[in-house]
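Keep the structure open beside the text as you read.

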Amino acid sequence: MRIGIVGLGKMGGNMARRLLAGGHGVVGYNRSPAAVARLVADGGEGAGSLEELAAALSPPRAVWLMIPAGEPVDRAVEDLLPLLEEGDLLADGGNSNYRDSLRRAARVEGAGLLWADVGTSGGVWGLREGYSLMVGGSPEAVERLRPVLETLAPAPDRGWGHVGPAGAGHFVKMVHNGIEYGLMEAYAEGFAILERKSEFSLDLRRVAEIWRHGSVVRSWLLDLTARALGENPGLEGVAPWVADSGEGRWTLAEAIDLEVPVPVIALSLIQRLRSRDPDSFSDRLLAALRHQFGGHAIHKE
């Protein structure tokens, strides 16, 4: 299958390389000419504009977006629609909000094109291990993309699936990331307890390696924990500042709308926000209150 990819950043570039290795033709466009040059060096075809990308594909075309969520996706959709024809397919493999995907699907399908929103997980390891792909859209759209999905996934028969109509792919990926927040927080807190028990002089990497095999808490995240601790046991030089991509927030907001209690996901998100406050007024006030009611000592800066 021949497919156009818009957005050749780290993940988009790796996906293009995996597709090329699987025998697919890839035409790529990126605002950075250097990214396009890397694709060409890997055996793909570069495009200097969206117009060139559309012209290089034969109908029915398939164009896959791997660009940042929000306005960049809206702009790409609007720029591509005049260049595509009825029966062509447009897929968004980025981390878009599912509500935006519902709106975009209506716009694209209203113009006579097929739409797919593909929640994509795998990060920097996807090139080697394959990607987990959660696909929303019509059965026709999914069947059109099947050769690409089977190549990007860990295997043709696992790691990907059609989860529902338009919007469902990004909805499932949103919840996936909310779960990921909770799992990561649990590992981080557990290893913090182990690290604090100084009299045992625990080898945290060794503990992680033990848990990786046979334990009920084994997972790929634990594999990565062992790797991180092996590379830097004391995590020297790693600032205690944790970003979030936005999908944890969306998951929490959706849970509130649906009246589903998600205390673990909620607290894991709050912990990420807390990590970014080096001068916490709330903590200062708590210390002052303890001093006021109990005469407890205040640690001076």
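This is a predicted model: local features need pLDDT of at least 70, side-chain atom pairs count only at pLDDT 80 or more; totals for chains, interfaces and linings use all residues.

As background, strands of a sheet pair through backbone hydrogen bonds, either parallel or antiparallel.

Let's look at some of these pairings. Strand β1 (residues 2-6) is joined to β2 by five bridges in the parallel sense. To find your place there, look for Gly-4, which stands opposite Val-27 in β2.

Further along the sheet, strand β6 (residues 114-121) and β7 run antiparallel and are joined by six bridges. Within this pairing, Thr-120 has Leu-133 of β7 as its bridge partner. Strand β7 also pairs with strand β8 (residues 160-164), this time in parallel, through four bridges. Here Gly-136 has Gly-164 of β8 as its bridge partner.

How much of strand β7 is buried? Five of its six residues (132-137) are, so the strand is largely enclosed by the rest of the structure. Follow the chain on from β7 and you can trace a right-handed β-α-β unit, made by β7, helix α7 (residues 139-152) and β8.

Now turn to the loop between α1 (10-21) and β2 (25-29), where you will find His-24. Is His-24 buried or exposed? Its relative accessibility is 10%, and because residues under 20% are classed as buried, His-24 counts as buried. Its side chain reaches the backbone nitrogen of Met-1 at 3.2 Å. Setting aside neighbours within four places in sequence, His-24 is in contact with Met-1, Leu-19, Pro-147, Val-148 and Thr-151.

Charged pairs are our next stop. Side chains of opposite charge can pair when their charged atoms come close. The count for this model comes to 25 salt bridges, and a few of them show how such pairs are placed.

One of them joins Glu-71 and Arg-75, whose closest N and O atoms are 2.4 Å apart. These two residues are separated by about one helical turn, because they are four residues apart in helix α4 (residues 71-80). Both ends are partly exposed, Glu-71 with a relative accessible area of 48% and Arg-75 with one of 37%.

A second salt bridge brings together the side chains of Asp-257 and Arg-99, at 3.6 Å from N to O.

Another example is the meeting of the Arg-274 and Asp-283 side chains, at 2.7 Å from N to O. Arg-274 has a relative accessibility of 44% and counts as partly exposed; Asp-283, at 31%, also counts as partly exposed. Elsewhere, salt bridges that share partners join Asp-74, Asp-92, Asp-100, Arg-103 and Arg-104 into one network.

Finally, let's look at the backbone itself. Most residues other than glycine have a negative phi, and most peptide bonds are trans. Against that background, where does a cis peptide bond occur? Look at the bond from Pro-59 to Pro-60, which has omega near -5 degrees. Pro-60 is found in the loop between α3 (50-56) and β4 (62-65).

Leu-235 is not a glycine, yet has a positive phi of about 55 degrees. You will find Leu-235 in the loop between α10 (220-231) and α11, and at 42% relative accessibility it counts as partly exposed. Glu-259 is likewise not a glycine and has a positive phi of about 60 degrees. This residue lies in the loop between α11 and α12 (263-274), where Glu-259 is exposed, with a relative accessible area of 73%.

How values were computed
Residues are numbered from 1 along each chain as its sequence is written. Side-chain values use heavy atoms; hydrogens and water are left out. Buried means under 20% relative accessible area, exposed over 50%, partly exposed in between (1.4 Å probe, protein chains only). A polar contact is a pair of N or O atoms within 3.5 Å; within protein, one must be able to donate a hydrogen and the other to accept it, and residues adjacent in sequence count only if both atoms are side-chain atoms. Contact means heavy atoms within 4.5 Å. Two strands pair if DSSP finds at least two bridges between them. A crossover is right-handed if, with the strands pointing away from the viewer, the path from the first strand over the helix to the second runs clockwise. A salt bridge is a side-chain nitrogen of Lys or Arg within 4 Å of a carboxyl oxygen of Asp or Glu.
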